[in-house]
Amino acid sequence: MPQITVTVSAGGGVQNALVHIDDTDVSAGGQFTFSTGAHSAHWWFAGNPGSTLTIAISPLSDGSTLTIPDVISPPYLFEAGDKNITF
Amino acid sequence: MQRVVWALTALIVIPIATMRVALAQTPATNAAEPSAESAAMEAQSQSTRQVIGRDITSPAAGAVSGVQINASTTSNQAAINFGAPLSNGVTWSALLSSPITTGSTSSGGSSATNTNIATLDGLANGAAATFKWSTFQFLSKPAIGNDDTRAIEAKAMALCLKKSTKDACDKMDNAPGVLISTYDPDEKAAYLMEHFPALFGIVAYSAGLQASVGYNSFTYYNATSFAKASQNDAPRSFGAHAGIVPAWYSVPTFIDFSIRYQQAYMAQPSATKCKSVTSGISCQTGSFGIPADTDKLLLALSGNSEFKVFGKYIGISPQLIYDARNKQEGITFPLYFIHSMNSLIGGITAGWTNTAHFTVGVMVGAPFSYFGQ
């Protein structure tokens with residue numbers, strides 16, 4: 001059961017951000033325990049156009065860190081994404 | 001004197017803005033991917049520029065700091081905004097603002113005037129500090145990707161591979177929303193609609209509180225003796241706001257209602273008075289009498305939206321405001337059309353009140369914000 005470290009960095013203008021790995025809310029960041037194997041990261045955030053959300057998840061199964069740099073594109077005030085990951 | 005004040009303001013504002021750019025552009029630590037795909041980085045850079053001048057009047061723009069100057073036919077104001085997100089959609093911010101000039105009398109005296117561009121805001125005449133707390137919440141639980149969103153992502157990836165290298169497209173795969181915005185923007189609204197379901201036609205809501213305290217220095221004349229006098233006052237304000245994001249995915253919009261109670265002070269209208277003296281007639285122009293203590297109950301309805309016109313994004317932030325205590329009304333219509341790095345960073349604003357009538361102004365370093373008042 002690997003210990004996974006999640007950091008969530010919301011840039012200027014972000015009004016709210018949610019980050020889940022499977023059904024676990026990891027929005028606050030920190031260390032979490034997940035089973036070895038395939039999982040899914042999901043994120044949603046709101047704010048002004050240009051607002052950024054950066055998510056870092058480590059270690060993946062190959063020991064690397066997954067970094068997700070996302071941004072709200074004009075003219076929208078929401079952004080979301082999904083990413084398959086393996087621990 | 002006015003030129004000196006502008007020059008001093010520029011000397012302060014420009015270094016602060018430059019410093020913020022330098023700080024914000026410092027590369028983030030990234031163990032796996034030292035460089036993101038160019039479009040994503042460009043978008044990140046755009047957001048950096050936007051941080052410089054975040055909408056300082058926003059009740060919910062807590063996560064940023066910025067500097068802004070607004071100049072109109074009746075008033076000029078500079079402000080600095082500090083703020084930070086807390087958690088679970090809660091933000092706070094503090095705003096320090098000050099007029100760059102005040103009304104001048106022909107005698108050289110000065111008097112604060114209540115002529116902020118068509119806002120009826122009684123605290124716009126002097127220095128003021130405003131503290132805001134706000135929450136922003138999704139009305140429905142956001143949804144994870146489904147077959148429809150995956151199909152949109154796959155189509156955008158295919159378009160990317162046609163126009164760019166596989167390596168570049170693979171890197172953008174970590175931010176599918178950016179990939180879609182860049183290569184298949186027509187599908188973006190549909191993509192967001194799947195992820196952010198509406199409830200009763202509303203996607204999200206915001207609510208918040210704010211309190212302000214100001215400082216005004218008035219100079220006026222005694223109506224009979226023409227003796228010059230001064231008075232310092234501390235106007236106060238507190239209020240609340242509530243807003244919604246309707247499910248208009250193609251034309252994102254934030255609609256907000258606010259209510260504020262203000263105890264403000266207004267200079268007496270400028271006038272010229274004459275009296276007989278031993279050597280003839282003596283005249284004085286200026287404000288006669290102590291400033292009036294004026295309570296205000298401001299009700300405001302605003303809507304902020306950004307959309308394309310002739311291939312270019314423009315932003316609008318119209319606001320209707322009504323002072324229920326004094327039966328005064330006004331409207332402002334900021335129009336953002338000046339682009340920098342594809343962000344809206346300024347424009348013009350027009351307004352009307354039944355006291356100041358029509359005003360027109362320019363906004364510099366005032367990026368469009370959905371969450372402005």
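With 87 residues, chain A would as a compact globule have a radius of gyration near 12 Å, and its value of 13 Å agrees, the radius being taken over C-alpha atoms and the globule rule being 2.2 Å times the number of residues to the power 0.38. This is a predicted model, in which local features need pLDDT of at least 70, side-chain atom pairs count only at pLDDT 80 or more, and totals for chains, interfaces and linings use all residues. Residues are numbered from 1 along each chain as its sequence is written, chains are lettered from A in the order in which they are written, and side-chain values use heavy atoms, with hydrogens and water left out.

**Chain A**
- Chain A has zero helices and eight strands (DSSP runs of H or I, at least four residues, and of E, at least two, numbered from the N terminus).
- The C-alpha atoms of chain A fill a box of roughly 40 × 20 × 20 Å along the principal axes, and 62% of the 87 residues count as buried (under 20% relative accessible area, 1.4 Å probe, protein chains only).

**Interface of chains A and B**
- The contact (heavy atoms within 4.5 Å) takes 54 residues from chain B and 36 residues from chain A.
- Two salt bridges are counted between chain B and chain A (a side-chain nitrogen of Lys or Arg within 4 Å of a carboxyl oxygen of Asp or Glu), and one of them joins B:Asp173 to A:Lys83, with the closest N and O atoms 3.6 Å apart.
- On the side of chain B that touches chain A, the elements giving two or more residues include helix H2 (38-52) and strand E7 (202-221) of chain B, and H2(B) supplies the largest share, six residues.

Notes: Buried means under 20% relative accessible area, exposed over 50%, partly exposed in between (1.4 Å probe, protein chains only).
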